[in-house]
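The structure is shown first.

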Number of protein chains: 2
Amino acid sequence: MARNITPKEKNYSDWYLDVIRAAELADYAPVRGCMVIRPNGYGIWENIQAVFDRGFKETGHVNAYFPLLIPNSFMEREAQHVEGFAPECAVVTHAGGEELEEPYVIRPTSETIIGHMYSQWVQSWRDLPILINQWCNVIRWEKRPRLFLRTSEFLWQEGHTAHATRDEAFDETFKILGVYRDTMRKELALPVLYGEKSENERFPGADNTYSCEAMMSDKRALQAGTSHFLGQNFARAFDISFQDKNGERAYAWTTSWGVSARLIGAIIMTHSDNDGLVLPPRVAPVKAVIIPISSDEDILRGKLEPAAEKLSRETDAALGGMYSKVDRQYHTRPADRFFRHLQRGVPVRVEIGAKEFADGEVTIVRRDTSGRERVSMGECAARVKVLLADIQQNLYDRAKAFRDANTHDVDNMDDLKKFFSPEGKGGFARVYFAGTPEDEGEIKYVTGGATIRCMPLDDESRGKCVYTGKPEGRRAILAKAY
Amino acid sequence: MARNITPKEKNYSDWYLDVIRAAELADYAPVRGCMVIRPNGYGIWENIQAVFDRGFKETGHVNAYFPLLIPNSFMEREAQHVEGFAPECAVVTHAGGEELEEPYVIRPTSETIIGHMYSQWVQSWRDLPILINQWCNVIRWEKRPRLFLRTSEFLWQEGHTAHATRDEAFDETFKILGVYRDTMRKELALPVLYGEKSENERFPGADNTYSCEAMMSDKRALQAGTSHFLGQNFARAFDISFQDKNGERAYAWTTSWGVSARLIGAIIMTHSDNDGLVLPPRVAPVKAVIIPISSDEDILRGKLEPAAEKLSRETDAALGGMYSKVDRQYHTRPADRFFRHLQRGVPVRVEIGAKEFADGEVTIVRRDTSGRERVSMGECAARVKVLLADIQQNLYDRAKAFRDANTHDVDNMDDLKKFFSPEGKGGFARVYFAGTPEDEGEIKYVTGGATIRCMPLDDESRGKCVYTGKPEGRRAILAKAY
C-alpha cells in the first residue's frame, strides 16, 4: 500500500486528494476556489475533449466561441436563470483603467449571450437549426471547492442549439444525452445511468433537464453531464424568432448541454485504488511506459535504452499515436520508478532488464490487476494493444458490477431512512416516486441528503410511490451525490 | 466582382470587414471590444491550434491550465510587466455576492501566476526544464478594436518554460521561433520573416523578444507570433529557484511565447481577394464542396445527390478526415450557391450537373485561380487532393512574391520618408540601424508610424545606419504595422 495515500476506507476525501497529488493531476491555485490543472491532468482532459468533440461533430455540430463577459442586463432577462446564477457570479466593474458604465459578469454559462447572437442570426426557418458547441472556461463562485468536482473556475463544453419545432428540440436533447452516455461508457469506462431530472434539480430556465449519473467508489452519485430542453424560455427572453414555412412569426425552441472537467473527478473516483490513479486506457495521456533497468551503465545505455526506444516506436505505431514513453530516471531505484508510473495511472508498464534482454523478452505489468507476463520483444507492441483494450473493458465491467451490487430496491420510507443511515447499505436506492418537489425535499431531509439523481429513461415500469404510497410512481434513483 | 464586398483598392479596412462578414467568420459582440467567432472562423482556429499543438508536442512540450484570475499583487511584482499591462486589465472586484478583499485581474498573459506555481514545483535541477503550454482566453482592454487583430478578449496559446541555464533558455526561445516560422510558412502559407525585436517593441519584462512578421496585402506588417527570452526577471520576482548540480541555490531562466487568433486576420489579409475569403487548404475547415445541380428533381435526388455523397466519402478517405461537404441548397440558384462557397474560402468546388453525370464526369473549380477542369468521377478525389496541395503552394508563392516585390533597400532618411509617404512605394524598408530607442522613435514620428518590425536572424550583414550614419548597423526591417 502506498505510504503517500490515505486508504479510501479510512477517509475517502483525503484519499481523493492524495491520489490527485501523487499523480500530479492538479493543485489548488492562489486564487480562491480555483485550481491549476497540471500536465498529467490536462492530458486526460485533452483526450476527453477529443472523444466528445468527435461525437458532437459526427452528429452535425460545429464549434464556435462567444465572449467571456456578459452584460449584467442580459442575465436578468430570464427570471429563473438570474435567480439561479446571480449569487455565483464574478463581476468585472473596472477595465482599461476606468469604471465601467454597466458591469459585466464572467459567464457562469452562456445561454444569455448566445441567445442574443442567435436572435441576430435567425430570420427564416431556413436559418435553423443552429447546432453550435463551445469549449471554454466558466466561473461560478464556490465557497467549498474540491479539485475537479467543484471549483470557482472550470473548463467545460456548452452546446447551444435552436430549432424550428418543439419535436426537433426534444430530439436534439435526447440525441446529445445519447452521445454523452455512449461516450462515457465506451471511452471513460463509466457505466452511467441516464434519465430525467426531477423539478428540484432542473437547470435554471429549463423546461426539462436530463442527465447521466455515475456511481463513485464510495457509493455516492456524481452527475456526469446534463442535457436541457429549454422550451421557448430563452427564445422569448432574447427574441430568437423567425418566419416559419407558412410565413408566420414564431419563436425558436432551444436546448443546451454540457460536460466539464469534473469528469476527471468521476474517473478518479470510479477507477482508482489505494495505490493511486487508475485510468481507462482510452483517456490515459501515456498508455504504456517502457522502463530499461540495469546497474551496468554499458548495458543500460548501449543495449536496453535503444531496445526500449524501438519498443516505444513500435507501440506508438500499433496504437496510432504518441502514446508510449521511455523512462530514463536512472538515478532512481527501479521500485520507485515503477511506483511513480503506477501512481500516475499509466495502464501498462514494460520492464526490460539485462536478463530479459538476453532472452529477447520483456515483462509487461498491467495497472488494473497487477498481472504480469513475459512476452518476446517482437510481440510486445501487439500485446500491449490487446492488454489496453482488455483493461478498458475490465475497468468498465468492474465499475458496473460495483454499481449493480450497490443498487437496491427500496419501497418504503423506513427502509429508505435505514438505507441512507450511517449503518445502512448506502448506494443507489431504486424507488418509485409520484410526489411533489416538496416531498422530494422531505426525503432529502430525512435521509440526510439523498436526492432523485434521475428517473431512468430505459425503465418505464410504474409502482407504489416510496413517499406518498400513490400508485403509478415513476422509477427513480435516489442517492447522496457530489 | 462581389457586390457585398468593398474593393480593397477603395478602402482596405472596409474590404477586410466585408470579407469577414461575407464568410461568416465573426461578429462584433454586445460587449465592448469583444467578438464572437462564428463556426466558419472557429474551424480555421481549430486547424491552426492543431498544427501548432503538434509542433509543440513534437518538441517535448505538454499542455496545462492555469487560472483565469490573477491576484492584483502578483502583477505588481515585476515592475516593467505591471507598467505594460495594468492599463489594459479588466478587474474583478465582486464575486459570490460579496466585495473581494483583494481584486483579481483577468489574465492579460500568465507569466505571473505561472511563475508562482513554478516556484512551488521546482526544488532541484532535476525538476527542470518545465516545458508547458496553455491554450486559453486573455483580456487586454482595447479602445479601438478590429476583428481578429485587436479585441479586448482574444484566444491564444502561451508557452511558459523554465530552465537551469541561460543557454538552455535561449535555445528554447529560438526553438519555438523556428516552430512558429515553419508552421506559419508550411501550414498557413504565410511567408514570414523572423528576427529580433528592437528594445522599443519588447515584451514588458523580457530581456529579448523575437518575432515572426508577415506582410499583408496592403503592404503593412503584421506581427504573427512572439518568443520571449525572459532572463531571470520573473524567476527573481516569483522566486523560481532550485538547487543546482553543485548544491548551490540558483534562479531559473524562463521563456514565454505566444500566437493568437489574430493569425486568422493575417490569413485573411494575406490571401483573400475582392470576391471574398481565400484560405490555405491546410487550415480550411471545408476543403472541398460538392454541388449537385439540376432543375429536374428526379435526376437531382435520384442520381446527382447519391453521386455527390459518394464523391464526398471518397474525398474524405483520400484526405484522411471529414473535410468535404455536399451542398444541398437546392432552393438557391446555382450561381449563388457557387458564390457562397467561394466567399467562404472553400479551396475547391466540384460541380455535378445532369450532363456531366451522363458523361461520368465532374467539373472542378479552384478558388485561388478560378481554374476549371473536367475529370472523371473515379479520378475526382485524387485530383482534389493534388489540387489542394497545389493551391497551398500557390498561395505561399504568391504571397512571397508580393512581399519580395514590396521590400526595398533604403539607405538614407530622405528616401525613407519618401518611401513611407502617401505617394511612396510603401511596404518593407530594408535598412541598417545602429541607433537608440529614441532614434527609432524619431523614425516612427517622421515616417508617420514605421517601426522596426524585426532584425532578421538570417541576415548577419552590417552597414551604414539609415538614421545615425554610423557603420556596423544591424539589418532591420522597417514597416507600418497592424
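In this predicted model, strand β4(A) pairs in the antiparallel sense with strand β6 (residues 98–106) of chain A, and three bridges connect them. Within this pairing, A:I70 stands opposite A:V105 of β6(A). The two strands belong to an open sheet of six strands, whose order is β4(A)-β6(A)-β5(A)-β5(B)-β6(B)-β4(B) and whose pairing is antiparallel. The edges are taken by β4 of chain A and by β4 (69–71) of chain B, each of which has a single partner strand, so one side of each is left without a neighbour in the sheet. From one strand to the next, the twist of this sheet averages 45°.

Where do the two chains join within the sheet?

The contact between the chains involves 42 residues of chain A and 42 residues of chain B. On the side of chain A that touches chain B, at least two residues each are supplied by β2 (35–37), α2 (39–58), β3 (62–63), β4 (69–71), β5 (90–95), α5 (111–121), β7 (130–139) and β8 (153–163) of chain A.

| Helix pair | Crossing angle | Distance between axes |
|---|---|---|
| α9 (297–319) and α12 (377–405) of chain A | about 40° | 9 Å |
| α9 (297–319) and α12 (377–405) of chain B | roughly 40° | within 9 Å |

The contact is made by A:A307, A:L311, A:E314, A:T315, A:A318 and A:L319 on the α9(A) side, and by A:M377, A:C380, A:A381, A:A382, A:V384 and A:K385 on the α12(A) side. By class, the residues of this contact divide into nine nonpolar, one polar and two charged.

In chain B, α9(B) and α12(B) cross at roughly 40° and are therefore oblique to each other, and α9(B) passes α12(B) in a right-handed crossing. Residues making this contact include B:A307, B:L311 and B:E314 of α9(B), together with B:M377, B:C380 and B:K385 of α12(B). The residues of the contact of α9(B) with α12(B) comprise nine nonpolar, one polar and two charged.

Helix α12(B) also lies across a group of strands, namely β15 (288–293), β17 (348–353), β18 and β19 of chain B, and runs at about 10° to β18(B). These strands are part of an open sheet of five strands in chain B, with the order β16-β15-β17-β18-β19 and mixed pairing. Its edge strands are β16 (324–326) and β19 (372–376) of chain B, each of which pairs on one side only, and the twist averages 25° from one strand to the next. Strand β18 (residues 361–366) of chain B pairs with β19(B) in the antiparallel sense over five bridges, and the bridge partner of B:I364 in β19(B) is B:E373.

At the level of domains, the assignment for chain A gives domain 1 (12–271), domain 2 (286–403) and domain 3 (407–479). The C-alpha centres of domain 1 and domain 2 of chain A lie 38 Å apart, and the contact of these two domains takes 12 residues from domain 1 and 10 residues from domain 2. The side of domain 1 of chain A that touches domain 2 has six nonpolar, four polar and two charged residues.

Some details of the backbone remain. Most residues other than glycine have a negative phi, and most peptide bonds are trans. A cis peptide bond joins A:L128 and A:P129, with omega about -5°, and A:P129 is found in the loop between α5 and β7 of chain A. In chain B, a cis peptide bond joins B:L128 and B:P129, with omega about -5°, and B:P129 is found in the loop between α5 (111–121) and β7 (130–139) of chain B. A:A189 has a positive phi of about 55° although it is not a glycine, and its place is in the loop between α6 (166–186) and β9 (193–196) of chain A.

Note on methods. Residues are numbered from 1 along each chain as its sequence is written. Chains are lettered from A and ligands numbered from 1 in the order in which they are written. This is a predicted model: local features need pLDDT of at least 70, side-chain atom pairs count only at pLDDT 80 or more; totals for chains, interfaces and linings use all residues. Two residues are in contact if their C-beta atoms, placed from the backbone, lie within 7 Å. Helices (H or I, at least four residues) and strands (E, at least two) are DSSP runs, numbered from the N terminus. Two strands pair if DSSP finds at least two bridges between them. Axes are lines fitted to C-alpha atoms, for helices over the stretch in contact, and angles run from 0 to 180 degrees between N-to-C directions. Ala, Val, Leu, Ile, Met, Phe, Trp, Tyr, Cys and Pro count as nonpolar, Asp, Glu, Lys and Arg as charged, and the others, Gly among them, as polar. Domain bounds come from an automatic or database domain assignment. Angles under 35 degrees count as roughly parallel, over 145 as roughly antiparallel, 65 to 115 as roughly perpendicular and the rest as oblique. A crossing is left-handed if the near helix is turned anticlockwise from the far one by less than a right angle, and right-handed if clockwise.
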